[in-house]
Amino acid sequence: MTELGGPIFSLERRVALVTGAGRGIGRAIALALASAGADVALVARTESQLEEVADLVRSAGRRTLVVPADVTDRSAFERGVEATVAELGEIDVLVNSAGISPTYKSAEQVSDDEWNAVVRVNLTGTFVCCQTVGRRMLIRQRGSIVNIVSIAARVGLRRLVAYCATKAGVEALTRVLAVEWASRGVRVNAIGPAYVETELTRGLCENPRLRAGLEARTPLGRLGQPEEVAGAAVYLASDAASYVTGQTIYVDGGWLAE
Ligand code: NAD
């Protein structure tokens, strides 16, 4: 960072690892980090989607590694981290975007299996990834972690009890890690999107009545695009955010302001 306004958003010579990088918001973030200069390891379950993203990262002149792994499998994720370090170097930036929202059901109808599935990926998976990569960052005394939460962390969305509870949980764990790790050089923040057009929200986006309702509820009058979430991740990953930790940046078209 320079007083003359050097490239404070630059991620040159940084290594990032992004979970949920095969599509949607994770994919957009992986590409934005690469265009800011980072080499990027791509984690998700579906290898074919990751290969497509990897080609785009390479075409931006950055190094990349495809890591097919489920974030609910601690040893598989640990192996992915080791492979990343061996291939690209120690990880400077971790973005946790892997997440699911498989069912819309009234709270009284949610089964144990449905509840546990969402907790396993969104909450426990995010913690395991933070812990695994965070331990290495603490040794180096540097790193930035960005967790993708949601407006669901702040407001009660009907028929999404497990999703809302896990996103609020991730916001809480983000604050705890930020406080515990601040003095050891590791920043931990979150991004909270409102409704963004991805596979996750396809059912809503393709239903004209539901879509119109969401657009009407959003002050900016439309749904978000994955690329519109990515800039906040570049900011939080970079030295531009060197005095920012424990925060959630809501990228929500004004949803929470109303
Ligand atoms: P998406 O379904 O398009 O993509 C999710 C990605 O995560 C996929 O690549 C999938 O393979 C991966 N993934 C899911 N479970 C995984 C697991 N167990 N292990 C490894 N990878 C796994 O979803 P999206 O809309 O891009 O959502 C990304 C994140 O943003 C999620 O955490 C979601 O909760 C959050 N979010 C999305 C919206 C939205 O409107 N789309 C709004 C707020 C928050």
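A salt bridge here means a side-chain nitrogen of Lys or Arg within 4 Å of a carboxyl oxygen of Asp or Glu. The model is predicted, so local features need pLDDT of at least 70 and side-chain atom pairs count only at pLDDT 80 or more, while totals for chains, interfaces and linings use all residues. Residues are numbered from 1 along each chain as its sequence is written, and side-chain values use heavy atoms, with hydrogens and water left out.

By that rule, the count of salt bridges comes to 18. Another one joins the side chains of Glu-197 and Arg-211, at 2.9 Å from N to O. This pair links distant parts of the chain, 14 residues apart: Glu-197 is in the loop between strand S6 (186-193) and helix H6 (202-205), and Arg-211 is in helix H7 (residues 208-217). Helices (H or I, at least four residues) and strands (E, at least two) are DSSP runs, numbered from the N terminus. Both partners are partly exposed, Glu-197 at 28% and Arg-211 at 22%. Arg-202 and Glu-206 also pair up, at 3.6 Å from N to O; Arg-202 is partly exposed at 40%, whereas Glu-206 counts as exposed at 55%. Then there is a network of salt bridges linking Asp-92, Arg-140 and Arg-142.

On to helix H3 (residues 74-88). Buried residues of H3 include Ala-76, Phe-77, Gly-80 and Val-81. The buried set packs against strands S1 (15-19), S2 (39-44) and S3 (64-68), as well as helix H4 (112-140), with contact meaning heavy atoms within 4.5 Å. Just after H3, Gly-89 takes a positive phi of about 110°.

H3 and H4 pack at about 35°, with their axes 10 Å apart. Axes are lines fitted to C-alpha atoms, for helices over the stretch in contact, and angles run from 0 to 180 degrees between N-to-C directions. From H3, residues including Phe-77, Val-81 and Val-85 meet a group in H4 that includes Val-128, Cys-129 and Thr-132.

How values were computed: Buried means under 20% relative accessible area, exposed over 50%, partly exposed in between (1.4 Å probe, protein chains only).
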